[in-house]
Amino acid sequence: MSEPLVVIDKVQKHFGTFVAVKEINLDIYEGEFLAIMGPSGCGKTTTLRMLAGLEAPSIGEIRMNGQVMNDVEPHKRDTPLVWQSLALFPFLTARENVEFGLKMRGVDKEERKKRALVWLEKLGILEFENRNVSTLSGGQKQRVALARSLVLEPKILLLDEPLSALDAHLVIRMQAVLVQLQKELGITFVYVTHSQSEAFAMADRVVIMGNGEIAQVGTPKDIYRAPQNQFVAEFVGRNNILSGTVSKIADTTAHIETPSGVFTLDSEGKSLSQGQDATFVISADLVHLSWDKPTAENIVRCKLISEEFVGSMVTLFLEDESGHEFKVQMQERELSKFDLQPSQDIWLSWDAKSAHLLAEM
């Protein structure tokens, strides 16, 4: 892999006695779409603000192209930030907003106008160049904010939850715009969000943060299918998490005794021993339903508690005799074949290879 464009090296950020970001290390590569996500207060926005130069690290270094950037002022960095609030000037037109950064850099009037019009056209809002931004829709304002940053032709574009205020249908549309722009321009995008769907739909790599630390870095598939610890597994969402004790290991199969029953998982390449505590996760979409008792490796009988519909997908929330909650995610058309009613019992099953062992906390 090539040398990273940005290196976050043993960086901490303190606000008085409060540690917002504990020691983190992260490499960001040229041309990648990197998403940073986590719950509120996890340190993701503070990390982005340090990249933008709005906050200085208390400890450690941030290097870009080998240069230490800790004390470099924001306007001297090539890292424009698209704010959650967009921060457009309501008394200026769309074109004047796009021109603003160029004006601050001393670009002459004609060149500013020429470059602003190019970016307004690229983002499909050229017809609004002379409209006051206060009269534009949310999606149109979003494109103006992007054009204002991209007209500077940066190497890195920072985005702080830029889609959070948009309606759901506009979010999907703007995701497509962002991905297309990033691929066409080859600019590094660093995108902070609390939305799993946004991060997984757009990013090449995802950083999961929690309690001021980086919990995992990987592709969306890695994060979803192979969470490294219980925090990530719980944060990602539709996962079934079970804890117990290793009761037996036979060849490459481990038997884990839990309050919900004894279950098996593939133990090949994993350091497990009899009597050891173990926690594992099964993605909700890898769990199957059956009216009849199945012959699968792992089975449990549950009662339907509730359902959650999101478009054509439905998540079932079920409970076994021990009171443990299970989740099953499937297409609504598949669920309709079962005609499952609340409080009805049904069998759940999954393969041993579908279970993923979590690292100790």
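Two strands pair if DSSP finds at least two bridges between them. The views below show a predicted model.

**View 1. Six strands make an open sheet.** The order across the sheet is β6-β7-β8-β3-β9-β10. Its pairing is mixed. β6 and β10 (213-218) are the edge strands, and each pairs on one side only. Two bridges join β6 to β7, which spans residues 156-160. These two strands run parallel. Within this pair, Val-82 stands opposite Leu-159 of β7. Helix α5, residues 168-185, packs on the sheet. α5 touches β3 (33-37), β7 and β8 (188-193). The direction of α5 makes about 155° with that of β8.

**View 2. Glu-73 sits in the loop between β5 (67-68) and β6 (81-82).** This residue is partly exposed, with a relative accessible area of 41%. Ala-52 lies 21 residues away along the chain. The C-alpha atoms of Glu-73 and Ala-52 are separated by 8.7 Å.

**View 3. Helix α2 packs against two other helices through its buried residues.** α2 covers residues 94-104. Its buried residues are Ala-94, Arg-95, Asn-97, Val-98, Glu-99, Gly-101 and Leu-102. An α-helix has 3.6 residues a turn, so residues three or four places apart point the same way. The partners of the buried residues of α2 are α3 (109-122) and α4 (138-150). Gly-106 follows α2. Its phi is positive, near 85°.

**View 4. α2 and α4 pack with their axes 7 Å apart.** Two packed helices are described by the angle between their axes and the distance between the axes. Here the angle is about 30°. Angles under 35 degrees count as roughly parallel, so α2 is roughly parallel to α4. The crossing of α2 and α4 is right-handed. On the α2 side, Ala-94, Asn-97 and Val-98 make the contact. On the α4 side, Val-144, Ala-147 and Arg-148 make the contact.

**View 5. Four charged side chains join in a network of salt bridges.** The members are Arg-95, Glu-99, Arg-112 and Glu-129. Arg-95 and Glu-99 are among the buried residues of α2. The structure holds 14 salt bridges.

**View 6. A salt bridge joins Arg-205 to Glu-32.** Their closest N and O atoms are 2.8 Å apart. Arg-205 lies in strand β9, residues 205-210. Glu-32 lies in the loop between β2 (18-28) and β3. The pair therefore ties together parts that are 173 residues apart in sequence. Is Glu-32 buried or exposed? Its relative accessible area is 8%. Buried means under 20%, so Glu-32 is buried.

**View 7. Glu-55 and Arg-49 meet in a salt bridge.** The contact is between their side chains, at 3.5 Å from N to O. Arg-49 is partly exposed, with a relative accessible area of 26%.

**View 8. Asp-266 and Lys-353 meet in a salt bridge.** The N to O distance is 3.2 Å. Asp-266 lies in strand β13, residues 261-266. Lys-353 lies in the loop between β19 (345-350) and β20 (355-357). This pair links distant parts of the chain, 87 residues apart. Asp-266 is buried, with a relative accessible area of 17%. Lys-353 is exposed, with a relative accessible area of 69%.

**View 9. Asn-65 has a positive phi.** The value is near 50°, in a residue other than glycine. Asn-65 lies in the loop between β4 (59-64) and β5. Its relative accessibility is 53%. Exposed means over 50%, so Asn-65 counts as exposed.

**View 10. Asp-251 has a positive phi.** Here the value is near 55°, again in a residue other than glycine. Which loop holds Asp-251? Asp-251 lies in the loop between β11 (239-250) and β12 (253-258). Asp-251 is exposed, with a relative accessible area of 78%.

How values were computed
Residues are numbered from 1 along each chain as its sequence is written. This is a predicted model: local features need pLDDT of at least 70, side-chain atom pairs count only at pLDDT 80 or more; totals for chains, interfaces and linings use all residues. Side-chain values use heavy atoms; hydrogens and water are left out. Helices (H or I, at least four residues) and strands (E, at least two) are DSSP runs, numbered from the N terminus. Buried means under 20% relative accessible area, exposed over 50%, partly exposed in between (1.4 Å probe, protein chains only). Contact means heavy atoms within 4.5 Å. Axes are lines fitted to C-alpha atoms, for helices over the stretch in contact, and angles run from 0 to 180 degrees between N-to-C directions. Angles under 35 degrees count as roughly parallel, over 145 as roughly antiparallel, 65 to 115 as roughly perpendicular and the rest as oblique. A crossing is left-handed if the near helix is turned anticlockwise from the far one by less than a right angle, and right-handed if clockwise.
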